[in-house]
Protein chains: 2
Amino acid sequence: MVKLQNDTFLNALMRQPTDYTPVWMMRQAGRYLPEYKASRKTAGSFLQLCKSPDFATEVTMQPLDRYPLLDASILFSDILTVPDAMGLGLYFEEGEGPKFERTLREEANIQKLTVPDMAKLQYVFDAVSQIRKTINGRVPLIGFSGSPWTLATYMVEGKGGTDFLNIKKMAYARPDLLHHILETTAQTVIQYLNAQIAAGAQAVMIFDSWGGALSHNAYKEFSLNYMHKIVAGLTKNNEGRKVPSVVFTKGGALWLEAQAEIGADALGLDWTVDIGSARQRVGDKVALQGNLDPAILLSTPEAIDKEVASILASYGHGNGHVFNLGHGITQWTPPENAAAMLSAVREHSKQYHQ
Amino acid sequence: MVKLQNDTFLNALMRQPTDYTPVWMMRQAGRYLPEYKASRKTAGSFLQLCKSPDFATEVTMQPLDRYPLLDASILFSDILTVPDAMGLGLYFEEGEGPKFERTLREEANIQKLTVPDMAKLQYVFDAVSQIRKTINGRVPLIGFSGSPWTLATYMVEGKGGTDFLNIKKMAYARPDLLHHILETTAQTVIQYLNAQIAAGAQAVMIFDSWGGALSHNAYKEFSLNYMHKIVAGLTKNNEGRKVPSVVFTKGGALWLEAQAEIGADALGLDWTVDIGSARQRVGDKVALQGNLDPAILLSTPEAIDKEVASILASYGHGNGHVFNLGHGITQWTPPENAAAMLSAVREHSKQYHQ
């Protein structure tokens with residue numbers, strides 16, 4: 001293995017000293033980049049980009065090549081590879097979100113759900129190996145998965161971003177069935193993330209995109225508990241180094257205290273919470289990753305600079321902050337505005353690390 | 001004026017003693033009721049229900065007639081009557097949410113925005129008078145409005161439930177334009193709510209349905225400040241009695257401390273926050289209204305009973321709690337499950353008021 005040349009991101013996740021606040025962007029390989037759109041056109045579809053290690057490597061590298069100030073790369077993939085491997089039949093309709101051919105609502109189908117053979121996800125692990133080789137030690141590579149609750153919402157509802165009425169009905173009327181889905185998915189995610197680590201992922205992140213739709217009690221029972229299990233089952237060290245984990249519940253800033261107890265090294269924050277108050281609430285238990293509203297990248301370099309400075313000032317002096325957006329970068333972002341954000345983070349953050 | 005026979009709801013909003021915890025349901029006159037669907041069919045459309053005082057009265061009364069345990073009624077209307085009166089051209093497409101014919105994105109159009117003549121909203125005030133007469137003192141009548149931020153999202157985006165990218169771009173790139181929209185809307189809402197009070201509304205509620213999409217700083221600047229102005233401009237007493245106000249930011253439970261400072265008598269809570277911790281955070285500054293996840297009403301009477309009991313226990317002994325859903329009741333709710341919720345509130349709450 002080649003030596004890692006920039007370990008600022010990994011050190012920040014472990015709350016070790018760094019010279020500046022490291023930064024990466026959720027969905028940094030994405031449609032706001034013309035080079036990404038060109039690759040997607042060549043590949044034919046989003047799913048083809050995910051399923052071909054060559055294409056996944058190509059688009060993972062694009063933001064790194066364009067933005068030298070990025071401190072981490074993230075595997076190009078989709079959280080729905082997991083339910084796809086579990087047999088639900090993922091597909092995308094042009095202009096719409098992801099959908100599944102089958103949904104899990106009938107007891108008989110739910111009882112048949114099992115942990116799939118990881119060979120079905122070999123294309124992901126091949127992509128991780130190939131990306132890692134191509135990055136050649138410039139920055140660390142992040143692997144990732146959806147949380148069991150978030151994956152289950154897609155499996156039960158058949159699509160994302162709904163009122164979650166089917167899965168919530170199941171949660172309250174037949175919690176046993178939902179727990180079976182969540183337990184099976186959690187065991188799958190443990191194997192999936194550990195295989196990504198074995199293939200070369202140097203940190204892992206769990207995306208709980210829809211945990212924020214739950215009540216405080218239901219969040220603990222149906223989402224947080226399963227992320228806790230996953231974190232406990234992760235490979236902790238690889239290549240002689242700690243493999244840090246990040247847990248991110250979008251809309252979950254009310255529950256940071258509970259999230260800080262599950263053993264993850266860092267918590268992701270969306271933009272609704274003031275990062276300084278979040279830091280006070282979690283103390284020195286975890287690092288924090290976030291939390292600029294991605295919509296701000298649609299405004300002006302001056303406005304971006306001001307908001308970046310405000311987040312860094314709110315976090316304040318000391319270690320344990322990874323700068324990021326509070327959610328994925330939108331496709332309408334002018335690429336030069338993303339550059340303005342990265343420069344602002346580097347410029348304004350040094351004073352907090354002296 | 002006939003004497004109010006049940007003032008439990010008004011007393012709870014003022015944190016005065018009551019014999020039990022009063023309850024009403026957001027969107028209690030709605031599609032889950034077969035009698036509502038029949039009225040809507042006769043009227044021809046949702047907008048016709050809103051614009052005809054006769055129909056608005058008819059559907060407002062339906063849940064009261066079906067559920068004797070309801071402690072309040074709420075004007076049947078829509079928050080978008082206000083931007084409609086401001087000239088944006090509200091319409092509904094079958095199976096989709098509300099839309100506007102015109103959006104406010106160009107500076108010239110924004111500068112032309114003014115407070116409309118309240119005569120354009122006379123149909124709402126007529127509905128309030130007629131409903132009040134028809135209720136005949138059984139329970140109090142709540143008037144309502146959307147918050148300026150929430151109304152502005154519809155005016156700028158042209159529809160609801162988006163990523164709010166156009167309005168957020170305006171917020172960061174041209175805050176002066178957005179503040180003009182918000183200020184004009186706030187002045188309109190003050191007149192609108194005061195006219196509802198003059199027509200007979202005995203409490204008012206401000207729905208900030210999309211405030212939770214903002215960052216903590218932007219929430220204060222673009223949403224909370226304008227609700228503060230509105231609350232300050234409201235008629236405080238009518239018919240020799242206090243007219244209490246409720247402010248509800250969906251997804252805003254992170255910011256309860258700030259909400260408790262704007263002078264509203266009560267805060268609405270969605271289901272993401274534990275109501276007991278919310279009570280600790282706001283102290284004795286405000287009453288709290290909430291907060292059952294409406295999805296729970298799709299489950300079973302047993303599950304509903306358990307969740308209602310848990311919320312009441314979390315709030316605990318004492319005054320200042322109005323039971324409600326954390327958002328509008330869904331159209332898929334079996335009417336008998338709503339009845340189960342109302343019974344559970346009455347049955348389990350008495351012990352906390354002894």
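Trainee: How many helices and strands does chain A have?

Mentor: This is a predicted model, in which local features need pLDDT of at least 70 and side-chain atom pairs count only at pLDDT 80 or more, while totals for chains, interfaces and linings use all residues. Residues are numbered from 1 along each chain as its sequence is written; chains are lettered from A and ligands numbered from 1 in the order in which they are written. Helices (H or I, at least four residues) and strands (E, at least two) are DSSP runs, numbered from the N terminus. Chain A has 15 helices and 11 strands.

Trainee: What is the radius of gyration of chain A?

Mentor: The radius is taken over C-alpha atoms, and the globule rule is 2.2 Å times the number of residues to the power 0.38. For 354 residues the rule gives 20 Å, and the value for chain A is close to this, so the chain is as compact as a globular protein of that length. The radius of gyration of chain A is 19 Å.

Trainee: What percentage of the residues in chain A is buried?

Mentor: A residue is buried if 20 or more other C-beta atoms, placed from the backbone, lie within 10 Å of its own, exposed if 12 or fewer do, and partly exposed in between. Of the 354 residues in chain A, the buried share is 55%.
The C-alpha atoms of the chain fill a box, taken along the principal axes, of roughly 60 × 45 × 40 Å. To restate the share asked for, buried residues make up 55%.

Trainee: Why is strand E8 of chain A described as largely enclosed, and how many of its residues are buried?

Mentor: In E8(A) (residues 245-249), Ser245(A), Val247(A) and Thr249(A) point one way, Val246(A) and Phe248(A) point the other way, and all are buried. In a regular strand the side chains alternate between the two faces of the sheet. E8(A) is largely enclosed by the rest of the structure because its buried residues number five of the five.

Trainee: Which residue of E9(A) is the bridge partner of Val247(A)?

Mentor: Strands pair if DSSP finds at least two bridges between them. E8(A) pairs in the parallel sense with strand E5 (residues 203-208) over five bridges, and there Val247(A) is the bridge partner of Ile206(A). E8(A) also runs parallel to strand E9 (residues 266-268), with three bridges joining the two. In E9(A), the bridge partner of Val247(A) is Leu267(A).

Trainee: Within what arc do the buried residues of H7(A) fall?

Mentor: The buried residues of H7(A) are Val124(A), Phe125(A), Ala127(A), Val128(A), Ile131(A), Arg132(A) and Ile135(A). An α-helix has 3.6 residues a turn, so residues three or four places apart point the same way. The arc is that of the directions from the helix axis to the C-beta atoms. Seen down the axis of H7(A), the buried residues line one face, because they fall within an arc of 155 degrees.

Trainee: Which residue, with a positive phi, follows H13(B)?

Mentor: The buried residues of helix H13 (residues 275-282) of chain B are Ile275(B), Ala278(B), Arg279(B) and Val282(B). They fall within an arc of 100 degrees seen down the axis, so they line one face of H13(B). Their packing partners in chain B are helix H12 (256-259), strand E9 (266-268), E10 and helix H14 (301-315). With a phi near 60 degrees, the residue that follows H13(B) is Gly283(B).

Trainee: Is Phe164(B) buried or exposed?

Mentor: Phe164(B) lies in the loop between helix H8 (148-157) and H9 of chain B, and has a positive phi of about 60 degrees although it is not a glycine. Arg15(B) also has a positive phi, near 60 degrees, but counts as partly exposed, with 19 C-beta neighbours inside 10 Å. With 21 other C-beta atoms within 10 Å, Phe164(B) is buried.

Trainee: Which residue does a cis peptide bond join to Gly290(A)?

Mentor: Most residues other than glycine have a negative phi, and most peptide bonds are trans. In chain B, the bond from Gly290(B) to Asn291(B) is cis, with omega near -5 degrees. In chain A, a cis bond with omega of about -5 degrees joins Gly290(A) to Asn291(A).

Trainee: Which helix of chain B gives the most residues to the side that touches chain A?

Mentor: Two residues are in contact if their C-beta atoms, placed from the backbone, lie within 7 Å. The contact takes 26 residues from chain B and 26 residues from chain A. With five residues, the helix that gives the most to the side of chain B is H9.
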